[in-house]
Amino acid sequence: MTTLTSMVASSTTLAPSFTPALQPPPGVESHPENPATLAHLADITIGICIPIVTIFFALRCYVRIFVKRTWIFEDHLVTIGWAGTIAYCGIMRATMSNHGGQHMWDITPDQAHQAAYWFNVCAIHYGVMIAVTKLAVLWLYRRVFSPAKWSWFDIAIVALVILIIGFYVSTTFVKIFECYPREKIWNKSLPGRCVQMRWILNVSGGFNTVTDYLIIMLPVHAVMKLKMDRMKRVMVIFAFTFGACAPIFATIGFVVRLGNSGNPDVSWKQPEILLWGAAELASGNLCVCFPELAVLFRRHIRSAPYPRRPTASQLASECKGQNGRHRISKNIGYPYLPKSLMTTTFTTDGDGPYVELQEHGNNIQVVAMGYPESDNPHNGVVMLKNEVRVERQQA
């Protein structure tokens, strides 16, 4: 009798004290006290992505603000992309802290609801930020590689911009209103209806991968048409494809997404995709930051402000050559010179003339401001068509 009582007490003590959100597969046991987790991989990913992205973003801001002294719409997109990447890493870590990245058989149903909620928040944020990052890259390419507006290359960039905005706005809307009521997104036991989000996520992953490859090939196509030696062309391509790992990460994430599609262990499989999303966002930020850093590697840029401001006497001697013909000289701040980067301004320390070089399609006007505007070259206006001679002078 004593033996039977002790056996019953022992059985009561060893009985499970929690109900798993999903029964473990055959041969696998639940470990609610010490569950396997992806949190350590998330910490490594965050520890790599945030410092690298922040350093490159800070250097880009230094170049844009203190070296080039300009700030345009493209820079706002880059800033939003950087801040959004930092926020994405924080939301991803919050997902892991709320039982995301743990197996369904190691957590309770309430914990599974928490993980699903944070995954939905992270997925919505990812869609917005990857769209902003792609747009920032395309804006950079259009500024650098589109000298003639509405050329075939320019139309291709504009078409990609429209396609990306339309696609990610629609998919973000679907992610937000995936179920009715919305609470059913993370608690499938509630009454209501939901769309087939699995197929939408797979299509989104495929679209993301294809557009990454298209975007990374745009500068290669443009640089191949520039007249420069092979080594310099390779360096320019490298500068603009520095984030070429973005489509690689997108491809891996797409393959992982397809492999995890339909797997009931969603608390583990879904957050696994978030890790590749963080890597893709980080590489996209590097892709848009690195081309602007070329000036930091040029000695004369480090030793003098950009652009150089000639004195009145220097400007007069530079603008007027032999036989009274005008001559233009420009310090090149890049190892490459696409036409769309030729907009330049020279000023003087005193009341000397102000010279501005502006782009007008295939026509370039050199205007000495302060003189009467006229079509007569003798009144200080020189019209150059189809060709601009740029001379580099060492300090």
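1. Arg60, Arg64, Lys68, Glu74, Asp75, Arg143 and Glu292 are joined in a network of salt bridges, where a salt bridge is a side-chain nitrogen of Lys or Arg within 4 Å of a carboxyl oxygen of Asp or Glu. By this rule the count comes to 10 salt bridges. Please keep in mind that this is a predicted model, in which local features need pLDDT of at least 70 and side-chain atom pairs count only at pLDDT 80 or more, while totals for chains, interfaces and linings use all residues. Residues are numbered from 1 along each chain as its sequence is written, and side-chain values use heavy atoms, with hydrogens and water left out.

2. Helices here are DSSP runs of H or I with at least four residues, strands are runs of E with at least two, and both are numbered from the N terminus. Arg64 is buried, with a relative accessible area of 3%, and Glu292 is buried too, at 2%; buried means under 20% relative accessible area, exposed over 50%, and partly exposed in between, with a 1.4 Å probe and protein chains only.

3. Arg143 forms a salt bridge with Glu74, with the closest N and O atoms 2.7 Å apart. This pair also links distant parts of the chain, Arg143 being in helix α4 (residues 109-145) and Glu74 in helix α3 (residues 73-97), 69 residues apart. Arg143 counts as buried at 19% relative accessibility, and Glu74 counts as buried at 1%.

4. Another pair to look at is Arg142 and Asp154, which form a salt bridge with closest N and O atoms 2.6 Å apart. Arg142 is partly exposed, with a relative accessible area of 26%, whereas Asp154 is buried, at 0%.

5. Which side chain of opposite charge is nearest to the buried Arg257? That side chain is Glu280, 6.7 Å away, and Arg257 has no salt bridge; for charge, Lys and Arg count as positive and Asp and Glu as negative, while His and the chain ends are not counted. Arg257 lies in helix α8 (residues 245-260).

6. For the chain as a whole, there are 11 helices and 6 strands, and 43% of the 395 residues count as buried.
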